[in-house]
Amino acid sequence: MTQRVDLATVMDRLAIDALITDYAVAVDDGDWLAYRSLFSPDGRADYSSAGGIEGSADDVAEWLSGTLRLFPMRQHLIVNRRLRFGALDGDVGDTADVQADYANPMRTRPDGGAPDFECGGRYAFSVLRTRVGWRVTKVVVHEKWRRASIENP
């Protein structure tokens, strides 16, 4: 590879990394407009392994907004990102698949105490280079574990 190709690849990796981080921040902050903007027009999300729904980004954003009201404190930690570029119309680098592990502590009361619900697993993102930047075409949540603490009020 030439230096120019190497630099373009690094820039794409950084842009995709920012997209995945923006995804986590949008969910944690409950910014559903930002969440929707991260998807391609036909983008989809599948939370069925975590007891949720599968559908368009709009449908899933509506579901998340209602479900996550139960947790005023939430924080996605997305780590171990593995990225593999694909090809679109014979042009390598316009699509990519990202696998990333997550841990998600949440709290049902806003008092700043320790999380009383936690879950973790792996995201599988498919992303596409568009005229406005990289966008999610599909994300599938593969929940591997969850833990709920029961406290006396």
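**Exercise 1.** Classify Asp116 as buried or exposed, and identify the residue with which its side chain forms a salt bridge.

*Solution.* Step 1: Asp116 has a relative accessible area of 8%. Buried means under 20% relative accessible area, exposed over 50%, and partly exposed in between (1.4 Å probe, protein chains only). Asp116 is therefore buried.

Step 1: A salt bridge requires a side-chain nitrogen of Lys or Arg within 4 Å of a carboxyl oxygen of Asp or Glu. Asp116 meets Arg107 in such a contact, at 3.4 Å from N to O.

Step 2: Arg107, at 2% relative accessibility, is also buried.

The model is predicted: local features need pLDDT of at least 70, side-chain atom pairs count only at pLDDT 80 or more, and totals for chains, interfaces and linings use all residues. Residues are numbered from 1 along each chain as its sequence is written, and side-chain values use heavy atoms, without hydrogens and water.

**Exercise 2.** Determine which parts the salt bridge between Glu54 and Arg44 ties together.

*Solution.* Step 1: The closest N and O atoms of Glu54 and Arg44 are 3.0 Å apart.

Step 1: Glu54 belongs to strand E2 (residues 54-56) and Arg44 to strand E1 (residues 39-46), so the pair links parts ten residues apart in sequence. Strands (E, at least two residues) are DSSP runs, numbered from the N terminus.

Step 2: Glu54 is partly exposed at 40% relative accessible area, and Arg44 is partly exposed at 35%.

Conventions
Helices (H or I, at least four residues) and strands (E, at least two) are DSSP runs, numbered from the N terminus.
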